[in-house]
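I opened this model to look up a few things.

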Amino acid sequence: MPEPGDYVLRMLGRDEVVVVRGEDGEIRALHNSCTHRGTRLCRASLGNTAHLRCSYHGWTFTNDGRLVGVPALRSGYPPDFDHTRHGLPSARVACRRGFLFATWDATAPALEDYLGEIAWYLDAILDCGAGEWEVCGPPQRVRAKGNWKIPTDNFAGDGYHMRTTHQIALDQGIYGDTLANGTRGRAGTDLVAVNIATPAGHSLRAGYVVESGRSIEERDLTAPQFPGYPPERWPALTAAQTPEQVRFTSHCEVAHGVVFPNTVFLSVAHDRAVGEDTDPLTRYLVVRAHVPVSARETECVYWTLVPTAMDREWRRRSYRFQARTQSAGGILFEMDDFENFARIDAALARSAPGRGGPVDLTLGVGRSTPARDFPGPARAEVATLSEHNQRAFYRRWSTLMGELP
């Protein structure tokens, strides 16, 4: 939203907000409800406006939320009517590297404190692009059956479902030869994953391609590799990162995780965009919000990001790969995953009290090992298949919810 008056509609919890850049340049998240009778003020999903005018009685607000227009003010209202008491409620908004976060909680910690250790990993993923990032087009949207925690659990660190949910696509080679050992595999290589989780419920799972039988500590960091980015760009990518970031990003083919509670991200390299065997290995980055519509329905909102340092053709291919594989209209990941999410929802909805909702989160317990000399903060465990991250997610959720039945 570069210009004053630019706005988009978003959900903040259960409330719709107008996220708008005011005439003073400040970005606000204004409750999209007139303070007279509660009428929804703005219906367009994006645009530019200096004022928000209620369609019911005509109350008018500036794009910083102040009430400035009340029809029949002099003839119909008391002389002591106070405009300042009827402005639009505004959430706390913080911007970090172009990402906007908001909360209604006046006592919530500052964004940097809230993100804590996960901020280091987000910076490392973004700095690996060697420049600024831009969003490709408006967000994609899809509504899916199931509680918002189901797809978020999946992104937190679930590599376990690949061998079952996506097995047919893997056997047919639709994914190409990427995600070694997680898909068709490459001769002589393995995919070794590191799982990172924080007490705040944030998490990240990073998968590294290494020679078979080797550990991630045995990667050759004298010649860093960044799968999915053009090899001729690797020296520039190395120079744009700190040595610690290079140790994290080098040889990393996939990274996905959660900014608690409902923001998820995926950075992954594919070597074809469905049917083009000549497509070079290309990385894409997608950020998603899993917005609760109800206890049994979730709206998934997708943003595809590309680094401006890459040439135009590479950026177009990166977007195309994401749109064809992991998007609202994708033909690979989503149709498989959303079917399972709907089946979970259907089974739990039919279950009698006391029988519904059995879960097991013990995958990887006692079988993972601490990552030695890992560059990033938080506890990092080496285990390609583990629910270490999901345990942290649900532990944080249950703490916030209080004692559950």
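My entries follow, by topic.

**Ground rules.** I am working from a predicted model, where local features need pLDDT of at least 70, side-chain atom pairs count only at pLDDT 80 or more, and totals for chains, interfaces and linings use all residues. I number residues from 1 along each chain as its sequence is written, and side-chain values use heavy atoms, with hydrogens and water left out.

**Confidence.** I checked pLDDT (the predictor's confidence in each residue, from 0 to 100). The protein's mean is 90, and 91% of its residues reach 70 or more. Residues 179-185 fall below 50; beyond near neighbours in sequence, this stretch has 26 contacts in the model. I take a contact as heavy atoms within 4.5 Å. Where pLDDT is low, the predicted coordinates should not be read in detail.

**Record.** I looked up UniProt, which places "domain: Rieske" at residues 1-102 in an unreviewed entry. Such annotations may be inferred rather than shown by experiment. Over residues 1-102 I find 4% helix and 41% strand. The end C-alpha atoms of that stretch lie 16 Å apart. Helices (H or I, at least four residues) and strands (E, at least two) are DSSP runs, numbered from the N terminus.

**Strand S16.** How many residues of S16 are buried? I get 10 of the 13 in residues 282-294, so S16 is largely enclosed by the rest of the structure. Buried is under 20% relative accessible area, exposed over 50%, partly exposed in between (1.4 Å probe, protein chains only).

I then looked at its partners; strands pair if DSSP finds at least two bridges between them. S15 (residues 263-270) runs antiparallel to S16, with 8 bridges. Leu266 stands opposite Val286 of S16. S17 (residues 297-307) is also antiparallel to S16, through 9 bridges. There, Leu285 has Leu305 of S17 as its bridge partner. A hairpin of 2 residues joins S16 to S17.

**Helices H4 and H11.** At what angle do the axes of H4 and H11 cross? I read roughly 140° for H4 (residues 149-157) and H11, with the axes coming within 8 Å. That makes H4 oblique to H11. Angles under 35 degrees count as roughly parallel, over 145 as roughly antiparallel, 65 to 115 as roughly perpendicular and the rest as oblique. Axes are lines fitted to C-alpha atoms, for helices over the stretch in contact, and angles run from 0 to 180 degrees between N-to-C directions. H4 residues in the contact include Lys149 and Ala156. On H11, Phe393 and Trp397 are among them.

**Ser398.** I placed Ser398 in H11 (residues 388-401). Ser398 counts as partly exposed, at 26% relative accessibility. Asn154 is 244 residues from Ser398 in sequence and 18 Å away, C-alpha to C-alpha.
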